[in-house]
Amino acid sequence: MNTLVDSFGRQIQYVRLAVTDRCNLRCKYCMPAHGIDIVPRKELLTFKEMYRLIRVLTELGVNKVRLTGGEPFVRKDFIGFLEMLSYNDLLETINITTNGALITNHIEALEKLEKVKNINLSIDSLQPKKFAEITRRDVFAEVYKTLELLEESTLNLKLNVVIQSGINTDEIVDFVRLTRDKKLAIRFIEEMPFNGKGQREMEENWTFNKILNEIKTEFNIQEMPSEKSSTSRNYSIEGHKGSIGIIPAFTRTICNDCNRIRITSTGTFKNCLFDDGVFNLRDFIRNGASNDDLKELFLSLVKEKPKNGFIAEANRTKGSVSESMSTIGG
Ligand code: SAM
Ligand code: SF4
């Protein structure tokens, strides 16, 4: 079988697919208060088009998909799409990233879907008022309810916490404390300039090492073995049910073992979060491309995967990084 291998010998096995660019929240690090300019519905990939793209990718060795957005649960009949994707016998794992404000009624349905294994829930503050300031919406109670329901469910729960200088840095240890009694994995993420505007003013630069040192002020942590392609470095704490990890999303020390590609909600293929999109798959399939055409295309596109996110950023032709994560699919 022909599989997706880039020019550095990295085997591509994981695709991140944004199922929509729409979102019910307005997180300050992701988009401006008025939201982003969403595209007309017909420019979004349909679920059938997404199914087809994923099917072809799995025939080339991809076995894992992460569904993200925008907010995936904003898209009508997202659960139906998950059921459809589950029919793909070559796909082993479906992971979902969500803000959790719309999913309490869907948790049972998610548990029934065998391939849906990991849910990443984004929650950047444990204080309702601060949470509302960050997301510009008053939904903390609902999101925390989701957290508790997911923790009790059969699904693996990870919390995504974007570390925002001077805003939630004082809560890093509070989040770590949560892992004492809750079986969940916290992922602290370095903030990136993907917010619709570009680099935000920061009091201090909260990089991987600074986050790690903050955790160490209160906890004795041990590094855990992680999968080679893991985006985070992970740690356990004796006596804690859960674990913690840090994602060097901006300092990009994880690129060497990257096994990921991305497809945006409008069908743009991306080899790296930091590139500016290398091919429009939507137009290619709407113009009649066959599955063999798609295979040939994917095999050649991944050969252009840059060595790391710094090179991807330097090669951009559409200006510096500033697009919203909700259009790229975080
Ligand atoms: N709406 C869903 C959510 O918030 O979980 C999924 C899409 S969101 C773009 C995916 C992830 O990207 C979230 O965990 C979010 O916190 C993260 N994210 C968004 N903007 C970011 C930024 N500028 N820097 C770092 N992470 C960001
Ligand atoms: Fe929406 Fe997620 Fe972006 Fe927040 S981070 S605005 S929830 S897409």
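Strand S2 (residues 64-68) and strand S3 (residues 93-98) run parallel and are joined by 4 bridges; strands are DSSP runs of E with at least two residues, helices are runs of H or I with at least four, and both are numbered from the N terminus. Within this pair, Arg66 stands opposite Asn95 in S3. S3 is also joined to S4, by 5 bridges, and these two strands run parallel. Here Thr98 stands opposite Leu121 in S4. S4 is mostly covered, with 5 of its 7 residues buried; buried means under 20% relative accessible area, exposed over 50% and partly exposed in between, with a 1.4 Å probe and protein chains only.

## Basis of the description

The model is predicted, and local features need pLDDT of at least 70, side-chain atom pairs count only at pLDDT 80 or more, and totals for chains, interfaces and linings use all residues. Residues are numbered from 1 along each chain as its sequence is written, chains are lettered from A and ligands numbered from 1 in the order in which they are written, and side-chain values use heavy atoms, leaving out hydrogens and water.

## The whole sheet

## Helices

Helix H2 (residues 78-86) has as its buried residues Phe78, Ile79, Gly80, Phe81, Leu82 and Leu85. They pack against S1, H1, S2, S3, helix H3 (107-112) and strand S4 (116-122), where contact means heavy atoms within 4.5 Å.

In helix H4 (residues 128-135), the buried residues are Lys130, Phe131, Ile134 and Thr135. These cover an arc of only 125 degrees around the axis, which puts them on the same side of H4; the arc is that of the directions from the helix axis to the C-beta atoms. The buried residues of H4 pack against helix H5 (140-152). Just after H4, Arg136 takes a positive phi of about 60 degrees.

Around ligand 2 are Cys23, Leu25, Cys27, Cys30, Met31, Gly70, Asn99 and Ser326, each with a heavy atom within 4 Å of the ligand. This shell divides into 5 nonpolar, 3 polar and no charged residues. Ala, Val, Leu, Ile, Met, Phe, Trp, Tyr, Cys and Pro count as nonpolar, Asp, Glu, Lys and Arg as charged, and the others, Gly among them, as polar.

Methods
Two strands pair if DSSP finds at least two bridges between them.
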